[in-house]
Amino acid sequence: MAYYFSLRVSLISCLLLTFLLFSESTFALKVLDVNIICKEVENTLFCSKFLNSKPGGAKGADLVSLGNYTIEVVFGNITNTIKLIKSLIAHSGNDPKAQSHYKECLALIGGESGSFGDIIDTQKHFEARDYYGVSTSASSVIANIEYCISGEDPEDPPYPDKSNLPRYARFIEQVVDIILVISNFLKQE
């Protein structure tokens, strides 16, 4: 009797484990061709080059691994952008317009309520499979970067920034655009 009970518990445990592994793997294995993803973004060439630069390549990579990769890259680039902005503040010397612009950008990009905090929220939502939350947080990353580069008021001309900041910002925006597309595909599951 104890033998049959033990066998039955083992069988049930195996079936439960198989079910859990199968249900988890079906989620994680949604694979789309890079061209399908990239046709949804503004700069398809950038998207294709970026996703194909993923270590191990993008061919056969599932959407979750591509999403994690893009979020990690954005996090690293926001961190580098914060360092750049701090350097620009330190080197703007006696130029009050430059000081003001870069301090505003630091607040918009560097703080918990800026792009830095937004990409952390994006990661949390992504890990929780809350793709609507991903879209909201990732869109905030872009909005804060746009405010830094173009200004918050469309009536005011943007600061004539000759530094690398606009180039850094554009890169982040383009990668976040990819995150938004990936999250939209994952919403469809």
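Visitor: Which elements make up the protein chain, and in what order do they run from the N terminus on?

Guide: Before reading any detail, please keep in mind that the model is predicted. The protein chain has eight helices and zero strands, and from the N terminus on its elements run α-α-α-α-α-α-α-α. Of its 189 residues, 38% count as buried, and among contacts between residues at least 6 apart in sequence, 70% join residues at least 24 apart.

Visitor: How should I read a nonpolar core, and which residues of the largest one touch the most other members?

Guide: The general idea is that in soluble globular proteins nonpolar side chains tend to be buried together. In this structure the largest nonpolar core has 49 residues, and those that touch the most other members are Ile37, Phe50, Leu51, Val74, Ile78, Leu165 and Ile178. Two or more residues come from each of helix 2 (34-38), helix 3 (44-52), helix 4 (63-91), helix 5 (96-110), helix 6 (115-127), helix 7 (131-150) and helix 8 (165-187), and helix 4 gives the most, with 13 residues.

Visitor: Which residues does Val74 touch, if I leave out those up to four places away in sequence?

Guide: Leaving those out, Val74 touches Ile119, Ile172, Val175, Val176 and Ile179.

Visitor: How is a pair of aromatic rings described, and how many aromatic pairs does the count come to here?

Guide: A pair of aromatic rings is described by the distance of the centres and the angle of the planes. In this structure the count comes to seven aromatic pairs. Take Phe50 and Phe171, whose ring centres are 6.4 Å apart and whose planes stand at 75 degrees, so that the pair is edge-to-face. Because Phe50 lies in helix 3 and Phe171 in helix 8, the pair ties together parts that are 121 residues apart in sequence. Ring pairs also link Phe46, Phe50, Tyr69 and Phe171 into a cluster.

Visitor: Are Phe50 and Phe171 buried or partly exposed?

Guide: The cut-off that matters is that buried means under 20% relative accessible area, and partly exposed lies between that and 50%. Phe50 has a relative accessible area of 6%, so Phe50 is buried, whereas Phe171, at 27% relative accessibility, counts as partly exposed.

A second pair is formed by Tyr102 and Tyr159, which is edge-to-face, at 5.8 Å centre to centre with 75 degrees between the planes. Tyr102 lies in helix 5 and Tyr159 in the loop between helix 7 and helix 8, so this pair ties together parts that are 57 residues apart in sequence. At 6% relative accessibility Tyr102 counts as buried, while Tyr159, at 22%, counts as partly exposed.

Visitor: What lines the largest pocket, and which residues lie nearest its centre?

Guide: A pocket can be read through its volume and then its lining. The largest pocket has a volume of about 300 Å³ and is lined by 17 residues, of which His101, Gly151, Pro157, Pro158 and Tyr159 lie nearest its centre. Helix 5 and helix 7 each supply at least two residues of the lining, and helix 5 gives the most, with five residues. By class, the lining has eight nonpolar, four polar and five charged residues.

Visitor: How far apart are Glu104 and Tyr147 in sequence and in space?

Guide: Glu104 lies in helix 5 and is partly exposed, with a relative accessible area of 37%. Glu104 and Tyr147 are 43 residues apart in sequence, and 9.1 Å apart in space from C-alpha to C-alpha.

Terms used
Residues numbered from 1 in each chain as written. Predicted model: local features only at pLDDT ≥ 70, side-chain atom pairs only at ≥ 80, totals over all residues. Heavy atoms only, no water. Core = buried A, V, L, I, M, F, W, Y, C linked by side-chain atoms within 4.5 Å. Buried < 20%, exposed > 50% of the residue type's maximum accessible area, 1.4 Å probe, protein only. Helix = DSSP H or I, 4+ residues; strand = E, 2+ residues; numbered from the N terminus. Contact = heavy atoms within 4.5 Å. 1 Å grid on protein atoms, 1.4 Å probe; cavity = no way out; pocket = protein on both sides within 12 Å on 5 of 7 lines; lining within 4 Å. Points joined across faces, edges and corners; volume = space filled by probe spheres on them. Nonpolar A, V, L, I, M, F, W, Y, C, P; charged D, E, K, R; others polar. Phe/Tyr/Trp six-rings, centres within 6.5 Å; stacked < 30°, edge-to-face > 60°.
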